[in-house]
Amino acid sequence: MSQSDRPSLGIGMVGYAFMGRVHSQAWRSVSAFFDLPARPVMAAVCGRSAEGTAAAAEQMGWAAVETDWRKLIARDDVQVVDICTPGDSHAEIAIAALEAGKHVLCEKPLANTVAEAEAMAAAARSAAERGVYAMVAFNYRRVPAVAQAARWVAEGRLGAIRHVRAQYLQDWIVDPDFPLVWRLRKDLAGSGALGDIGAHIIDTAQFITGQNLTQVSGLTETFITQRPLADASAGLSADTGNSGAEMGEVDVDDAALFIGRLSGGALASFEATRFATGRKNALRIEVNGSKASLAFDFEAMNELWFHDHALPAEEAGFRRVLVTEAGHPYAGAWWPPGHGLGYEHTFTHEVKDFVEAIASGVAPTPSFDDG
């Protein structure tokens, strides 16, 4: 059956900045590379500015524009609501969409408070009983190398898991004159590095090991407590447009460090910081087992390192595996071996899995409960 003969799945997206752009790329490209049971149609995009939303729709390929997310949810041509807004609006939009019978894909972190997250998870469980599904957008699960790491652990290649070390290192706010963007405001973001990038390494560690984080102890730090107010921001960049005299308070963490224990008994350490000078997007994880170890760094995202402890000492050591073969997760849909993938492909894999779950009537993962 050709894609044009398959049932359509209307997508309505709320928010069109950094995450909105990458989600748009995913919805545009997914049918061209994966044989899906339903055909995603980019029905409408929603934003507060009519002019800005119209420009985004034209640039990114959305058929219609809304400036009220409630009207987006009410559209008959929208069956999926994709939430790409700051965390302060996730709960209200997601719960309303699920109650309206729309499937929901929501960016992480799931919510800004535990109460909001619990309400969202309850709404998702109730909706699932009616065949309406929700998923959190933890895209790094869909890196082929990360998915391959999880496959090796599930196959028992590492034996008993003893240690997990996870880091997410960035440096985009090291400059004290960098403006007070929404990610540095608790009322909009909920938390700082802990929620923004710490959530990713928690999910990645749990996904690879198949174990849940059960105990934690840690600390956070805010290195720069005041910043110039931002005139405009997009993604991880911003402009002040002022002399720097008008300042605002930073009320989220710049860095978080914590240790933990996984449900299978492994010890784990986590570090999330946006002050690791020189590190741009270094999501790193190493897992040590009784039989083998593996290591991954997103700044070399097509590579996975593996150590087989059964080999004699004279030939043992970490070896580099280029995760671009057709037999590796997701990779076979793209390019010949050795032709690497990029950041945007992880989101294409994400929406591919989401569409397949909806069509098969199986709850997608990670769920709102996971989030």
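Q: Let's start with Asp187. Why does Asp187 count as partly exposed?
A: Keep in mind that this is a predicted model. Asp187 counts as partly exposed because its relative accessibility is 45%, and buried would need under 20% while exposed would need over 50%.

Q: And which side chain does Asp187 meet in a salt bridge?
A: Arg185, with 2.7 Å from N to O. Arg185 has 32% relative accessibility, so Arg185 counts as partly exposed too.

Q: How many salt bridges does a search of the whole structure find?
A: The search turns up 18. One of them pairs Lys108 with Asp196 at 3.3 Å, N to O. That pair links distant parts of the chain, 88 residues apart: Lys108 sits in the loop between β5 and α5, and Asp196 is in helix α8.

Q: Are Lys108 and Asp196 buried or exposed?
A: Lys108 and Asp196 are both buried. Asp353 and Lys352 make a salt bridge as well, at 3.4 Å, and both of those residues are buried.

Q: Which residues do salt bridges with shared partners join into one network?
A: Lys108, Arg183, Asp196 and Arg274.

Q: Switching to helices: at what angle do α1 and α9 pack?
A: About 60°, with the axes 8 Å apart. The crossing is right-handed.

Q: What meets what there, α1 against α9?
A: On the α1 side the residues include Phe18, Val22 and Trp27, and on the α9 side they include Tyr343, Phe347 and Lys352. By class, the contact has eleven nonpolar, four polar and three charged residues.

Definitions and conventions:
Residues numbered from 1 in each chain as written. Predicted model: local features only at pLDDT ≥ 70, side-chain atom pairs only at ≥ 80, totals over all residues. Heavy atoms only, no water. Axes fitted to C-alpha atoms, helices over the stretch in contact; angles between N-to-C directions. Helix = DSSP H or I, 4+ residues; strand = E, 2+ residues; numbered from the N terminus. Left-handed = near helix turned anticlockwise from the far one by under 90°. Contact = heavy atoms within 4.5 Å. Nonpolar A, V, L, I, M, F, W, Y, C, P; charged D, E, K, R; others polar. Salt bridge = Lys/Arg side-chain N within 4 Å of Asp/Glu carboxyl O. Buried < 20%, exposed > 50% of the residue type's maximum accessible area, 1.4 Å probe, protein only.
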